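Dear colleague,

I am handing over the structure shown below, together with an account of what was found in it. Please read the notes alongside the coordinates.

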Amino acid sequence: MSIESQEQYESPWHRVHPISPFVRGWVVVVGAIYIYSQNILSSALEGNLKGNVFELPSEVLWPIMGIAFGIIALLLVGFYLSWRFTQYQITDDHVRTRSGILFRQHRQARIDRVQAIDIVQPLLARIFGLAELKFEVADSGQSAMNLSYLKYSDAQTLRNTILARAAGLRATAPHPSGTDDAQETQAASSSSSNGVETAEAPEIVVATTPPGRLIGSSILNPTLLVVALAFLIPVVIGGVLLETPATYVGLLPGLLSVGAIVWNELNKGFGFTASASPDGLRLKYGLTETSHQTIPPGRIQAVRVHAPLLWRPFGWYRVVANVAGYGEESGEQRSMLLRVGKLEDVYAVLPIVLPDPGTDRPLDLLTDGLKDSTDQTGFTQTPRSAAWLSPLAFKRQGYASTSTSIVIRGGRLSRHLTYVPHERTQGVLMHQGPIARRAGVADVELASTSGQILPRVKQMSVAEARSLFLMQADRAATARRLHDRNHWLVAEQNAQISPAPPSPQSSQEQPHE
């Protein structure tokens, strides 16, 4: 018997929570109730409610009631069978699910390829104390697998188990309460003798987004301002010139759009909290739908610190990342490591996702990279001969290389600083168009997983670009050969969480790693 067949035989299968089909299919139920209520209301308004509903002949009423009860019975049977045929299994090396009534579907993912794990609680699931577990695997553009729905405590336990095994620890498979029979319970108990118990990893909150800051950043959203200018100004000007109050009715679509954008930002960013934990960076956010993300160390492909133009007077920053497995389809929301924070919040988050900056002055590197220019700080910049290509940004375009990462800076109005670990560079591309050829410059692009960040060093001199191209290709190959981040906790099983990094006032000190 093969190892894979043996672990399938020995590891028990579990079921999701019994009311999961209702939580997933509530839209159908609500839709049926809405249609029925609408018909009743329409009949009442027409004065035919009594005659249509309560005084139907028995030979008509009973078939209608029979059809209604039959539909309800079919829904209940469908919900039961959906729950009955949905199972999942956790082994030392794989997560497996099987589902489907008529058409069976079996899915499998390797645990050591898990990139990130989310616990999501939509509003209805939160009312019932349930949660959906989503986890990404390598080369996935969207959630590769999800389990919906589990008890919230069971989802936490399962997340801890998967993270522990992805880190190289052989933790006992969790056994959710009330979802398996006695035989599976005995199997799970017997398997615990060869494993280690999985406990909730401790965490330290390192950054939060206060409500006032969230509201301010939402109002100063560039998209919001574009929508406001596109809708509101023409209507206001038209109303003043035409002196017709009715013209202001055109403000309604613009106000609704602005309200939707603000609500979306507040709903997704409410209660944003970033915490440090041995199993990675933990993020919590959301108002009507609460999400708990856990991004394991070593899964970060690139990190960008972004300072939008309208946020700069307030000293606000956003940190986003390319995470293996997320892809562009996941959107910016799941790629945010810090929604909106001060510089000290950036200092606190970066050492968690980039524990080895490769320099003894990482804070100086960050602050210098966000300044107007860096004439004496080690950044190689766009030559002045090519200033006419980017008259505003050429002083801020450049890069610096440490022993572990390449740091790219750019932008003038909205500034950004990007970190790309050498071991996460999947390829290097040197590009030179006809205009750049005339200016004697070239771009160097670093291949990364799809996401919100496109690492690119812009408009370097041809000699500098060629040197960076060769150097980065060599460093990336060496780093990938020396570092294996799949099992990141094997050598640190007894490690404790490091304290938060120092404040900006002590920028000469290196943060504890």
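A residue counts as buried when its relative accessible area is under 20%, as exposed when that area is over 50%, and as partly exposed in between. By that rule W316, with a relative accessible area of 9%, is buried. Please bear in mind throughout that this is a predicted model.

Overall composition

The protein has 513 residues, of which 45% are buried. Its secondary structure consists of 15 helices and 21 strands. Among contacts with a separation of 6 or more, 60% are between residues 24 or more positions apart. The accessible surface amounts to about 26000 Å², and carbon and sulfur atoms account for 59% of that surface.

Aromatic pairs and charges over rings

There are 5 aromatic pairs in the structure. One of them is formed by F22 and F128, whose ring centres are 6.3 Å apart and whose planes stand at 90°, so this pair is edge-to-face. The two partners come from distant parts of the chain, 106 residues apart: F22 belongs to helix α2 (residues 20-24), and F128 to the loop between α6 (123-127) and β6 (130-137). F22 is partly exposed, at a relative accessible area of 33%, and F128 is likewise partly exposed, at 40%.

Another pair is formed by F314 and W316. Their ring centres lie 4.8 Å apart with the planes at 20°, so the pair is stacked. Within it, W316 is buried, as stated above, whereas F314 has a relative accessible area of 41% and is therefore partly exposed. Ring pairs also bring in W311, which forms a cluster with F314 and W316.

Two arginines are placed over tryptophan rings. The charged end of R15 is found over the ring of W83, at 5.6 Å from the ring centre. R98 lies over the face of W13, 3.7 Å from the centre of that ring.

Nonpolar cores

The largest nonpolar core contains 39 residues, and the members that touch the most others are V303, L337, L366 and Y419. Helix α12 (residues 343-353) supplies the largest share of this core, namely 8 residues. Beyond its neighbours within four places in sequence, L366 makes contact with V305, V346, Y347, L350, L417 and Y419. A further core of 22 residues lies apart from the largest one and includes I90, A109, V137 and A155.

Strand β11 (residues 290-295) is mostly covered, with 6 of its 6 residues buried. In a regular strand, side chains alternate between the two faces of the sheet. In β11, T290, H292 and T294 point one way, while S291, Q293 and I295 point the other way, and all are buried.

Which strands pair with β11? Strand β5 (residues 114-121) pairs with β11 in the antiparallel sense over 5 bridges, and V120 stands opposite S291 of β11. Strand β10 (residues 280-285) is also antiparallel to β11 and is joined to it by 5 bridges; here L283 stands opposite Q293. The hairpin of β10 and β11 has 4 residues between the strands, and G286 takes a positive phi near 115° in that hairpin.

The seven-stranded sheet

An open sheet of 7 strands runs in the order β14-β13-β12-β18-β17-β16-β15, with antiparallel pairing. Its edge strands, each of which pairs on one side only, are β14 (336-341) and β15 (380-381). The bridge partner of Q381 in β16 is G398.

A buried glutamine

Finally, is Q472 buried or exposed? Q472 is located in helix α15 (residues 462-482). Its relative accessible area is 0%, and Q472 is therefore buried. Apart from neighbours within four places in sequence, Q472 is in contact with I406, H422, T425, V428 and L446.

With kind regards

Terms used: Residues numbered from 1 in each chain as written. Predicted model: local features only at pLDDT ≥ 70, side-chain atom pairs only at ≥ 80, totals over all residues. Heavy atoms only, no water. Core = buried A, V, L, I, M, F, W, Y, C linked by side-chain atoms within 4.5 Å. Buried < 20%, exposed > 50% of the residue type's maximum accessible area, 1.4 Å probe, protein only. Helix = DSSP H or I, 4+ residues; strand = E, 2+ residues; numbered from the N terminus. Contact = heavy atoms within 4.5 Å. Phe/Tyr/Trp six-rings, centres within 6.5 Å; stacked < 30°, edge-to-face > 60°. Lys NZ or Arg CZ within 6 Å of the ring centre and 35° of its normal. Areas by Shrake-Rupley, 256 points an atom, 1.4 Å probe, with all protein chains shown as cover. Pairing = 2+ DSSP bridges.
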